[in-house]
Amino acid sequence: MTAVTTGTTARTASVGTGHTRVEGRDKVTGAARYAAEVPFADLAHGWLVLSTIARGRIRALDTDPVLAMPGVLAVLDHRNAPHLDTDYTGLLGKPDPTCAVFQHDRVPHLGWPVALVVAETSEQAREAAEALVVHYEQEPHDVEFTADHPDAHPVDGHMPAVTEKGDLDARLASSAVVVDAEYTTPEEHHSPMEPHAATARWDDGRLEVIDSNQGVTWVAGELAGLFSLDPASVRVRSEHVGGGFGSKGVRAHQVAAVMAATLLQRPVRVVLTRRQVFSLAGYRSPTAQRVRLGADADGRLRALEHRSVSRTSTVHEFVEPSAGVARVMYDADAHHTANHVVRLDVPTPTWMRAPGEAPGSFALEAALDELAEKCGIDPIELRLRNEPETGPVSGLPFAGRNLAACFREGARRFGWADRDSRPGVRREGRWLLGTGTAAASFPAGAAPSTATATAHPDGTFTVRISAADIGTGARTALTLVAADALQVPPERIRMRIGDSDFGPAMIAGGSMGTRSWSWAVKTAAGELRERLALGADIPAEGLTVRADTTEALGALAPAERHSFGAQFAEVAVDVTTGEVRVRRMLGIFAAGRIVNPLTARNQFLGGMIWGISMALHEEAARDRASGGPVGADLAGYHVATHADVPRIEADWIDDTDPDDPVGIKGIGEIGVVGAAAAVANAVWHATGVRHRSLPIRPDRVLSAAAGARDA
């Protein structure tokens, strides 16, 4: 038995100071293994076969010739696959039937999994999969998304579909200034650097899955439900993840790998190709949004309507809640919002970084800019005049709302006071110059999580939590939180994450991961320190304390909890070529206490760059004839590159959440929110022409410029 003290001498706090990633060396040297790189003895490889029609039935599969090919071990399809149970409630509700593969002969969209070919090598599996002939009974399909589609209907997602207060028509009629505009955003895809991959195996009666995901306990629970297994008999590990952005949940490849491993009783790995990711990993639905604003002559809102229509599949209803952002940002006597969906023969959309808020903020913040122009009021001043005292829909108090401070600091640093408000007057050679701004918000939630902290006789500590580091630096942030709670240097902490055996914990999503995990880590480490301070002995196996935050979170008083931000952009537009260049961007955020400034700034900047990409580049088109995406790869789907990224800066103001033990709110998604609107508003200021559809492509700039000249 050994007694160890955590240290009583004064030390600098770890939280709030920049710290390089604790796993950084492993990543840059290749020692960090991702899901498709973990070695297994006797490993077999599966390759998914996807449908080549957009709607219909499978009439037959010519599997005999494929089974005779070299190395082929099995072909799984709807005729021989095990039955899956989808009648259960998981972490996020009812499971998405998209992941319940090979259960019937129906084909609901192009790229639907129809078979899995398993072979000794991935090359053999791919060759055999491409040789498999599938006969279909094809049916007419519909992939055409329109705002006025007759089948559009309201759907509750993680928020009510519709909210209403006040007489909207009456308030609009009595308003001195009215904006009534429609805004559209296209289908967008999150293609992480690391494609989706999973390896499944049975070990002494227990299922183990090595996966790339955003929540190991989430995936373990879903697999247990789908395969009717005891949850304790399923273990999921995901130590390193090369990006997720909402796409890395439970997908077809994990389920197919488990099926094949069960059949063959050997490890089976399934890795998606980049093109398959476009069909099987979800995406952001296109949106068509109508915003109506009514205001007094001084710009004070009297009426606000934000209605959004998005696309979903015939398999599972997923709503992109774009109208939700209006429920937080601005109030009015009459306040109506609604989220509708249209069911079409397409893959199911899913969460994508800043779901709802990213496209919703484009429409709402562009409409606010239009209102400012009509009222003759500075866009920042208009927003400040419409700061709500309580939640516009909920009526709840804000647990901190420092948006005004973000705008004031951002305006000072961006040089907003020197801006000539007139559009189309600044010129530099062939370039028209303009500046724009927009507000940002994202919910700051937390979910129950468990964590353990162990003190070892040698003076080191091990913290275990089923967190997921999807590239955000969560592993490092949690190390700093644990170090402060134990009052020891970070070097004495060993942070273990990404293993469902560590107990339930929140997923990396909704900007809630680090906040939820830090709460549990601080609680466990703090209690361990107290026990050590009282002289507790440490046995050879270590002294462990476990924390569960369920009760603490349940005791929180209801409130509107959000991170906020102000986005600023300067653009240059060449109306003779249609080229738009973002010259500089600034984002100032109020996002709680910043745990690690080094990785936090990366998160903010990454989100803002994604906003540039959203504003100017990203657009997935669907071919009406085939029903599939055009250019389903990173050559055909354009994203911002180094050449597109200007001088860009992100910073924050003091904004600690008093209800959080670490003071955290969440930063993962707010950097995206409002960024595209700021760019679009800057394009208007440069040219005098509004762009209400993203992306702002060169052809749209040329067309708008021609229309303006004709007018």
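The radius of gyration is taken over C-alpha atoms, and the globule rule used beside it is 2.2 Å times the number of residues to the power 0.38. This is a predicted model, in which local features need pLDDT of at least 70 and side-chain atom pairs count only at pLDDT 80 or more, whereas totals for chains, interfaces and linings use all residues. Residues are numbered from 1 along each chain as its sequence is written, and side-chain values use heavy atoms, with hydrogens and water left out.

**Figure 1. The protein chain as a whole.** A compact globule of 711 residues would have a radius of gyration near 27 Å, and the 26 Å of the protein chain agrees with this. Along the principal axes, the C-alpha atoms fill a box of roughly 75 × 75 × 50 Å. The secondary structure comes to 17 helices and 27 strands, where helices (H or I, at least four residues) and strands (E, at least two) are DSSP runs numbered from the N terminus. Buried residues make up 59% of the 711 residues, buried meaning under 20% relative accessible area with a 1.4 Å probe and protein chains only. Among contacts (heavy atoms within 4.5 Å) between residues at least 6 apart in sequence, 82% join residues at least 24 apart.

Figure 2. Strand S2 (residues 44–50) is mostly covered, with seven of its seven residues buried. Ala-44, Gly-46, Leu-48 and Leu-50 point one way from S2, while His-45, Trp-47 and Val-49 point the other way, and all are buried. Two strands pair if DSSP finds at least two bridges between them; S2 and strand S14 (residues 268–271) run parallel and are joined by three bridges, with Gly-46 standing opposite Val-270 in S14. With strand S6 (residues 113–119), S2 pairs in the antiparallel sense over six bridges, and here Leu-50 stands opposite Pro-113.

**Figure 3. The surroundings of Arg-690.** Arg-690 lies in the loop between helix H16 (675–687) and helix H17 (698–710), and Arg-690 counts as buried because its relative accessibility is 17%. Its side chain makes polar contacts with the side chain of Asp-369 at 3.0 Å and with the side chain of Glu-373 at 3.1 Å. A polar contact is a pair of N or O atoms within 3.5 Å; within protein, one must be able to donate a hydrogen and the other to accept it, and residues adjacent in sequence count only if both atoms are side-chain atoms. Leaving aside residues up to four places away in sequence, Arg-690 touches Ala-366, Asp-369, Glu-370, Glu-373, Asn-681 and Trp-684.

Definitions and conventions: Buried < 20%, exposed > 50% of the residue type's maximum accessible area, 1.4 Å probe, protein only.
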